[in-house]
Structures are given as C-alpha cells and as structure tokens.
Amino acid sequence: MRKIAVILATLLVGVPSLFAQGPFDYSGRWNFSVQGGLAVTVSDNVFGYTDNGMFKDLLKLQGQAAIGYDFTGSFGVRLAGGYANHAGSSNILQTAGGKNVWPFTYRSVFVFADAVMNLNGLTGHFSPFAPKFYAGLGGARTFGFTNPHHPFQNPHDPNYVFGMRGGFIAEVNFPAGIGLFADLGLEAYGDWHNGIRPNDKDQSYFKGYAGFPFDLVPKLSLGLIYHFK
C-alpha cells in the first residue's frame, strides 16, 4: 500500500507539470514595454534633403510606451502611445529664390492599437528568442511647426491624421520575465501629417509631387519589456 501511495503522489505532482507553461510562454499574461530610437519622415519635398547631402537632418528621436496582453502563445495585442520629432520642407521646385530646401521641424504624439503575432507560438517551441510581427491602426496629432518663411506654402498647425503601421520585433527574454528587443517598423499617416497637402494643380502640372496619399515614418527602436506573472 505504501508503494501505491508513493506512485499516486508522484503522478499527482508530475502530471500537472506536463501541462505547465514554460518560462517563455506568456499566454494569459500582461506586459509593459518602453522603447526609443530614430525616425525618418518621408513626406513632400523630402528629396530636397537627400539630393543635397542633408539626410542626417531627417533623423529625429522618437519613443513610445505600451501595455499588452498575450491571449495565446502566438497572438497578443498592445496599446501604444508615444512622441516623435520630425523634419519637413515646403515647396522646392516651384519656388524662385534658389534655395535647395525650405526646412522646418515639428512634433507629434501618436496612439496605435496593434495585433502582435509571436512566431514561437506557431511552432510550439518557446525559446528565449522571440521573433514577432505586428500590424496596427491609430492616429497622430502633429504640432509645433517652425516657420520656413516660404512665399506661398507654409505648414498648417496643428493636424489630426489617421495612421496605420506594421513591423518586426526581435525580442530576447530572460526567465524572470524581462526582455530586450529591437523594433523595426513603418508608419503611414494621412497627407496632412507634415502640415502640407499638395493640391491637384501641384500634382498635375509639376513633377515635384508624386501624389502619394501618405506621409511615411520608418522607425528603428531599442526597448525593454516586462511580462507580468
């Protein structure tokens, strides 16, 4: 009887452990992250910067904080909000005066709701390294425009624009629930993001405008994440 009791006790302790989560499976857990890095704003007249060796002037600081939840090992969501700096330019090619760039800077606050897919969950193998993809919808408020003193095209201030984004996260986690990650993403906003929206005449009569309906903001960030127990 004693041997049977020992066997039953072993089974009672051991069987549940077969179904326990591994240290890197965060199903049913909340997380909080902060990140920051560089952004480049690709909008109207940006070629004035690149054509004149001024690309470094487009590099600006940005950052965000997010709260997230993993429903399963492969699918989660996060709500993120942040702040970014930007550079733009008023009309170059249709403007007399010989200036190569009519530069200005501005700022933005943004909010996004993202769906996040963890590739580890799809394979069922949870390792310290977690490759993730995300896509989201949101918007931004742009403000604080400096004045380029352009003769006919100065940016509107402030602006409220719809946004969408997608990206890739390379995350390395530790057993305590803390992780480090790199986030490479691309955000697309309505054409008023940079305070300038070319009219039909601009787009029809001059090659300086492609008529693309979005202002793009590629971002590269480094971050810290904590998965709550």
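This is a predicted model: local features need pLDDT of at least 70, side-chain atom pairs count only at pLDDT 80 or more; totals for chains, interfaces and linings use all residues.
A residue is called buried under 20% relative accessible area, exposed over 50%, and partly exposed in between (1.4 Å probe, protein chains only). Residues are numbered from 1 along each chain as its sequence is written, and side-chain values use heavy atoms, with hydrogens and water left out.

Rings of Phe, Tyr and Trp (its six-membered ring) were taken to pair if their centres lie within 6.5 Å, with planes under 30 degrees apart counted as stacked, over 60 as edge-to-face and the rest as tilted. By this rule, 10 aromatic pairs were counted. Tyr69 and Phe71 form an edge-to-face pair, because their ring centres are 5.0 Å apart and their planes stand at 80°. Phe71 also pairs with Phe75, here in a stacked arrangement with 6.0 Å from centre to centre and 20° between the planes. Together with Trp30, the residues Tyr69, Phe71 and Phe75 make up one aromatic cluster. Phe71, at 49%, is partly exposed, and Phe75 is partly exposed at 40%.

Charged side chains were also examined: a charge sits over a ring if NZ of Lys or CZ of Arg is within 6 Å of the ring centre and within 35 degrees of the ring normal. Arg78 is placed over the face of Tyr134, 4.5 Å from the ring centre. Lys219 lies over the face of Phe110, at 3.7 Å from the ring centre.
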